[in-house]
Amino acid sequence: MRGEVVGPRDGVDATSTLSDSADRLWRRLRLDRIAGGRQAQHVIHEDMREHPRTVRAFMGIRWLLLGETVVGLTAIFIAAVLWSRGEHVPWAVWFRSTVVLFITASLYVFAWRAQLGYWWAYSRLRLFSRIFPIVTLIVATIPGLYPGWMVVEQIVFSLLMIGIGDLLTTDHMRAAFPRPAASTASGADHPS
């Protein structure tokens, strides 16, 4: 409508509509079953999904993932600038930079599904937030594999991942996402 003031809630509604559409497509393609295995249908209770601490934790996770995206894009930008100046950029830098962006994209998906209450996504996000920093820091210590700026990038990436892990392992989040019982793991629980 002409002359109508758009309030801040309208943007949230548009984002919610987009998320709902993506969720319907995701479920139609049965991607939770592929990604989640036996626990694919286990969804936490709505009260816990909408609890202010849960909402705040996922807001923090989204900001940390945004930081990881910036770190990954910055690494590619630095490598491209160095390459355009005629400097040698090792293949490991290009590979690592690309992999970080793909990893971050998968983490966005896990965070999205976990925020909708899917236990499998929460458990994957929690697992990767523990494994990736260790692997990244070990690889960063290999002498001569990466230039100094890339080692710094890996440390920042690891710190952001540790932050995500810390948010996921708070007492509240562990209580919000209890491990499914054996009967619900077989698919007896279905999202409403």
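**Reading a helical model**

Mentor: Of the 192 residues in the protein chain, 36% are buried. Keep in mind that this is a predicted model.

Trainee: What makes up the secondary structure of the protein chain?

Mentor: There are nine helices and zero strands, which reads along the sequence as α-α-α-α-α-α-α-α-α.

Trainee: Why is H4 called roughly antiparallel to H7?

Mentor: Helix H4 (residues 52-84) and helix H7 (residues 148-168) pack at an angle of about 170 degrees, with axes 9 Å apart. Angles over 145 degrees count as roughly antiparallel, so H4 is roughly antiparallel to H7.

Trainee: Which classes of residue form the contact of H4 with H7?

Mentor: The contact has 18 nonpolar, three polar and two charged residues. Among them, H4 brings Leu64, Glu68 and Val71, while H7 brings Glu153, Phe157 and Leu160.

Trainee: Which residues does glutamate 68 touch, leaving out those up to four places away in sequence?

Mentor: Glutamate 68, which lies in helix H4, touches Thr104, Leu107, Phe157, Leu160, Met161 and Ile164.

Trainee: How do you know that glutamate 68 has no salt bridge?

Mentor: Look at the nearest side chain of opposite charge, arginine 96, which is 8.0 Å away. A salt bridge needs a side-chain nitrogen of Lys or Arg within 4 Å of a carboxyl oxygen, so glutamate 68 is buried yet has no salt bridge.

Trainee: What share of contacts between residues at least 6 apart in sequence join residues at least 24 apart?

Mentor: In the protein chain, that share is 79%.

Notes
Residues are numbered from 1 along each chain as its sequence is written. This is a predicted model: local features need pLDDT of at least 70, side-chain atom pairs count only at pLDDT 80 or more; totals for chains, interfaces and linings use all residues. Side-chain values use heavy atoms; hydrogens and water are left out. Axes are lines fitted to C-alpha atoms, for helices over the stretch in contact, and angles run from 0 to 180 degrees between N-to-C directions. Helices (H or I, at least four residues) and strands (E, at least two) are DSSP runs, numbered from the N terminus. Angles under 35 degrees count as roughly parallel, over 145 as roughly antiparallel, 65 to 115 as roughly perpendicular and the rest as oblique. Contact means heavy atoms within 4.5 Å. Ala, Val, Leu, Ile, Met, Phe, Trp, Tyr, Cys and Pro count as nonpolar, Asp, Glu, Lys and Arg as charged, and the others, Gly among them, as polar. Buried means under 20% relative accessible area, exposed over 50%, partly exposed in between (1.4 Å probe, protein chains only). Lys and Arg count as positive and Asp and Glu as negative; His and the chain ends are not counted.
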